[in-house]
Amino acid sequence: MLVTHLIFAYGTLLVPAVQEAVIGRQIAGTRDRLSGYRKATLQDGAESYPNLVPDENGRVDGHIIEVTQEELGRIDLYEAGLYSRHKVTVESGTEAWVYFA
């Protein structure tokens, strides 16, 4: 039985080239929105990355993507160091993982 996981992607994980490099395939996903957060910028030296910060009035647009256990492990490695994985419920009622600092 194939175990899959849902991820709420709102930043670099939506970029086709990043998906190819990290996950090994492109995933269009389904549009959704996360309430209670807003997008912010995370600085890492000279690099800037999208991040989420709590904001009771905030809403972040993104996509729900479905990945295998192996692909989730690859994403964990890609996000390691700057982000950690959190379980959230998006506006559609779907529970998904999301990465933020």
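This is a predicted model: local features need pLDDT of at least 70, side-chain atom pairs count only at pLDDT 80 or more; totals for chains, interfaces and linings use all residues.

Visitor: How many helices and strands does the chain have, and in which order?

Guide: The chain has two helices and five strands. Along the sequence they read β-α-β-β-α-β-β.

Visitor: Why is the chain called as compact as a globular protein of its length?

Guide: Set the value against the rule. The radius of gyration is 13 Å, and the globule rule gives 13 Å for 101 residues, so the chain is as compact as a globular protein of that length. Its C-alpha atoms fill a box of roughly 40 × 35 × 20 Å along the principal axes. Buried residues account for 38% of the 101 residues.

Visitor: How do you know that β2 and β3 pair?

Guide: Pairing needs at least two bridges. Strand β2, residues 30–44, and strand β3, residues 47–68, share 14 bridges in the antiparallel sense. Therefore they count as paired. One of the contacts sets Leu-42 against its bridge partner Tyr-49 in β3.

Visitor: What makes the contact between Arg-38 and Asp-55 a salt bridge?

Guide: The cut-off is 4 Å from a side-chain nitrogen of Lys or Arg to a carboxyl oxygen of Asp or Glu. Arg-38 and Asp-55 meet at 3.5 Å, N to O. That is within 4 Å, so the label holds. Arg-38 lies in β2 and Asp-55 in β3, so the pair ties together parts that are 17 residues apart in sequence.

Visitor: Why are Arg-38 and Asp-55 called partly exposed?

Guide: Buried means under 20% relative accessible area, and exposed means over 50%. Arg-38 has 40%, and Asp-55 has 24%. Both values fall in between, so both residues are partly exposed.

Visitor: How many salt bridges does the whole structure hold?

Guide: The search finds six. Among them is the pair of Glu-70 and Arg-74, at 2.6 Å, N to O. These two are four residues apart in helix α2, which means about one helical turn separates them. Glu-70 is exposed at 55% relative accessible area, whereas Arg-74 is partly exposed at 30%.

Visitor: What makes Arg-85 and Asp-76 a salt bridge?

Guide: Their closest N and O atoms are 2.8 Å apart. The limit is 4 Å, so the pair qualifies. Arg-85 is partly exposed at 30%, and so is Asp-76 at 26%.

Visitor: How do you know that β4 and β5 pair?

Guide: Six bridges join strand β4, residues 84–89, to β5, and the two run antiparallel. At least two bridges are required, so the strands pair. Ser-84 stands opposite Phe-100 in β5. The hairpin they form has five residues between the strands, with Gly-93 in the turn at a positive phi of about 95°.

Visitor: Why is β5 called mostly covered?

Guide: Count the buried residues. Five of the six residues in β5, residues 95–100, are buried.

Visitor: Why does Tyr-83 count as buried?

Guide: Its relative accessibility is 13%. Buried means under 20%, so Tyr-83 passes. Tyr-83 is found in the loop between α2 and β4. Its C-alpha atom is 4.8 Å from that of Phe-100, although the two are 17 residues apart along the chain.

Visitor: And what makes Val-60 buried?

Guide: Val-60, in strand β3, has 3% relative accessibility. That is under 20%, so Val-60 counts as buried.

Visitor: What is known about the largest pocket?

Guide: It holds about 200 Å³ of space. Of its 14 lining residues, Thr-12, Pro-50, Tyr-78, Glu-79 and Tyr-83 are the closest to the centre. β1, β3 and α2 each supply at least two residues of the lining.

Visitor: How do the lining residues divide by type?

Guide: The lining has 11 nonpolar residues, two polar and one charged.

Key:
Residues are numbered from 1 along each chain as its sequence is written. Side-chain values use heavy atoms; hydrogens and water are left out. On a 1 Å grid over the protein atoms alone, a cavity is a set of points where a 1.4 Å probe fits but cannot get out, and a pocket is an open set with protein on both sides within 12 Å along at least five of seven lines; lining residues have an atom within 4 Å of a point. Grid points are joined across faces, edges and corners, and a volume is the space filled by probe spheres set on the points. Ala, Val, Leu, Ile, Met, Phe, Trp, Tyr, Cys and Pro count as nonpolar, Asp, Glu, Lys and Arg as charged, and the others, Gly among them, as polar. Buried means under 20% relative accessible area, exposed over 50%, partly exposed in between (1.4 Å probe, protein chains only). The radius of gyration is taken over C-alpha atoms; the globule rule is 2.2 Å times the number of residues to the power 0.38.
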